[in-house]
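Here are my notes for you, written as a colleague would jot them down. Have the model open while you read.

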Amino acid sequence: MSNSNPPIRDYAVKVVLRTVPVGPPLAKDGDFREGIQLLEERVLFVRARDGQQAVQLAEELVSASSHVNPYGQTVETESTGICDAYELSCRLALEVGVELFSATRVLPLSMTDDQLADVFLGPEEEEDGQRR
């Protein structure tokens, strides 16, 4: 009997996380900045049958979290839903969930998710709506 499932492959999956303070600060000093968000571009190693499953697995690996900052605000981190999967051309001896890359950017809180997707994935193509 043949197995109709595609083989498990190695993927690097980019997920973009948003960290924002919630509520007013208890106090402000010279370092306090309003109207900003921290965006983290994180690339994780996963094994999956296709790119869609790879994205789903990576999204499950990044969990929402929160903490209180020095200004008394709750700071929440969660996925933006902006993701992209890259099938690797070779098999790697890595544990699933290993972080391969991370970079952060401070951007205006007023940026929409579509604008953020343009920053992290590139602008949409005109003809078919697919990103490069």
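The points below go from the sheet to the helices, and then to the side chains.

1. First, the ground rules. This is a predicted model, in which local features need pLDDT of at least 70 and side-chain atom pairs count only at pLDDT 80 or more, while totals for chains, interfaces and linings use all residues. Residues are numbered from 1 along each chain as its sequence is written, and side-chain values use heavy atoms, with hydrogens and water left out.

2. Start with the sheet. Five strands make an open sheet in the order β3-β4-β1-β2-β5, and the pairing is antiparallel. At the edges sit β3 (65-68) and β5 (99-108), each of which pairs on one side only. From one strand to the next, the twist averages 25°. Strands here are DSSP runs of E with at least two residues, helices are runs of H or I with at least four, and both are numbered from the N terminus. Two strands pair if DSSP finds at least two bridges between them.

3. β1 (residues 9-22) and β2 (residues 36-48) run antiparallel to each other, paired over eleven bridges. To find your place, look for Arg9, which stands opposite Ala48 in β2. As background, strands of a sheet pair through backbone hydrogen bonds, either parallel or antiparallel.

4. Next, the helices. Helix α1 (residues 51-61) lies across β1, β2 and β4 (74-87), at about 125° to β2. Helix α2 (residues 113-121) lies across β1, β2, β4 and β5, at about 50° to β4. These angles run from 0 to 180 degrees between N-to-C directions, with axes fitted to C-alpha atoms (for helices, over the stretch in contact). Contact means heavy atoms within 4.5 Å.

5. How many salt bridges are there? The count comes to eight, where a salt bridge is a side-chain nitrogen of Lys or Arg within 4 Å of a carboxyl oxygen of Asp or Glu. One of them joins Arg47 and Asp10 (2.9 Å, N to O). Asp10 is buried at 3% relative accessibility, whereas Arg47 is partly exposed at 22%. For these words, buried means under 20% relative accessible area, exposed over 50%, and partly exposed in between (1.4 Å probe, protein chains only).

6. Two further salt bridges are worth a look. Glu41 and Lys14 meet at 3.1 Å, N to O. Glu41 lies in β2 and Lys14 in β1, so the pair ties together parts 27 residues apart in sequence. Glu41 is buried at 11%, and Lys14 is buried at 10%. Then there's Glu34 with Lys28 at 2.8 Å, N to O; both of these residues are exposed. Salt bridges with shared partners also join Asp10, Arg47 and Arg91 into one network.

7. Finally, zoom in on Val43, in strand β2. Is Val43 buried or exposed? Val43 is buried, with a relative accessible area of 13%. Setting aside neighbours within four places in sequence, the contacts of Val43 include Ala12, Val13, Leu100 and Phe101. The C-alpha atoms of Val43 and Ala103 are separated by 9.3 Å, although these residues are 60 apart along the chain. As for Phe101, that residue lies in β5 and is partly exposed, at 40% relative accessible area.
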